Amino acid sequence: VDTFNIMTFAGQTARAFSEPRRANQANIAEGLRFVNAAQAGGGTYLADAVAAALSPDVEPGRHRYVTFLTDGYVGNEAAIFADARDFVAELKRKGQRARVFSIGFGSAVNRYLLEGIASAGQGLATVVSDREAPSTAVNRIFHYVDHPVMRDIAIDWGDLEVTDVEPGPLPDLFASRPFIVHARYGKPGRGVVR
């Protein structure tokens, strides 16, 4: 019942399909042909790919999980983070779920971008070294997507005066990944946090 699409962003943004297709054998084979025919080169214009991947409407009753894969160093992080954050928030308002994951390959990736887009998109980031098989990282991401331990997490600070909570909004809790929240006390006090 899943659907998928593939977009490349080397030099320009290209799509395998005009709209997401069912993940059946024929469409997966066509998607693989699209990937195998893709040529590396040109600049890494991730902002266009982010806009293309995050802006289409999602069918009612469906959720959208976006995974960005890159081996380059791209800039314009603030706009990309805002797009991911807005996309997740918009689908949440519609009663749907969206998450943005990122995978970086090699030693020259922009880790700030990878972590930031995953945080803004309430997903996870993974970096694959030159010595690791890419399929291992991809399988790791799919395992997390399928197995969040807790969703829609909220913190009740009780009577404590707390500001500057990061990350905001809070992501899902995934198996084998720490959930770390930073916050600043407005004034000293004691209380129970739930």
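This is a predicted model: local features need pLDDT of at least 70, side-chain atom pairs count only at pLDDT 80 or more; totals for chains, interfaces and linings use all residues.
Q: How many residues does helix α3 have, and what is its reach from first C-alpha to last?
A: Helix α3 runs over residues 77–93. At 1.5 Å a residue a span of 24 Å is expected, and the helix comes close to this. Helix α3 therefore has 17 residues and a reach from first C-alpha to last of 24 Å.

Q: What arc around the axis of α3 do its buried residues cover?
A: The buried residues of α3 are Glu-77, Ile-80, Phe-81, Ala-84, Phe-87, Val-88 and Leu-91. They lie on the same side of α3, because the arc that they cover around the axis is only 125°.

Q: Which exposed residues are carried by the face of α3 turned away from its buried side?
A: A residue counts as exposed when its relative accessible area is over 50%. On the face of α3 that is turned away from the buried side, the exposed residues are Ala-78 and Arg-93.

Q: Which parts of the structure does the aromatic pair of Phe-4 and Phe-17 tie together?
A: A search of the whole structure finds two aromatic pairs, and one of them, formed by Phe-4 and Phe-17, is edge-to-face, with 5.4 Å from centre to centre and 85° between the planes. The parts that this pair ties together are 13 residues apart in sequence, because Phe-4 lies in strand β1 (residues 3–4) and Phe-17 in the loop between β3 (12–15) and β4 (21–22).

Q: Is Phe-17 buried or exposed?
A: The limit for a buried residue is a relative accessible area under 20%. Phe-17 has a relative accessible area of 3%, and therefore Phe-17 is buried.

Q: Are the rings of Phe-81 and Tyr-112 stacked or edge-to-face?
A: Phe-81 lies in helix α3 and Tyr-112 in helix α4, so their pair ties together parts that are 31 residues apart in sequence. The centres of the two rings are 5.5 Å apart. Planes over 60 degrees apart count as edge-to-face, and because the planes here stand at 65°, the pair is edge-to-face.

Q: Which side chain is joined to that of Gln-122 by a polar contact of 3.3 Å?
A: Gln-122 lies in the loop between α4 (111–120) and β7 (125–128), and it is buried, with a relative accessible area of 7%. Among the residues that Gln-122 touches are Val-88, Pro-169 and Phe-174. The side chain joined to that of Gln-122 by the polar contact of 3.3 Å belongs to Arg-99.

Q: Near what value is the phi of Asp-164?
A: Most residues other than glycine have a negative phi. Asp-164, which lies in strand β9 (residues 162–166), is not a glycine, yet its phi is positive. The value is near 55°.

Q: In which strand does Ser-102 lie?
A: Ser-102 counts as buried, at 1% relative accessibility. The residues that it touches include Phe-68, Leu-114, Ile-117 and Ile-141. The strand in which Ser-102 lies, covering residues 98–105, is β6.

Notes: Residues are numbered from 1 along each chain as its sequence is written. Side-chain values use heavy atoms; hydrogens and water are left out. Helices (H or I, at least four residues) and strands (E, at least two) are DSSP runs, numbered from the N terminus. Buried means under 20% relative accessible area, exposed over 50%, partly exposed in between (1.4 Å probe, protein chains only). A polar contact is a pair of N or O atoms within 3.5 Å; within protein, one must be able to donate a hydrogen and the other to accept it, and residues adjacent in sequence count only if both atoms are side-chain atoms. Contact means heavy atoms within 4.5 Å. The arc is that of the directions from the helix axis to the C-beta atoms. Rings of Phe, Tyr and Trp (its six-membered ring) pair if their centres lie within 6.5 Å; planes under 30 degrees apart count as stacked, over 60 as edge-to-face and the rest as tilted. Lists of a residue's contacts leave out its neighbours within four places in sequence.
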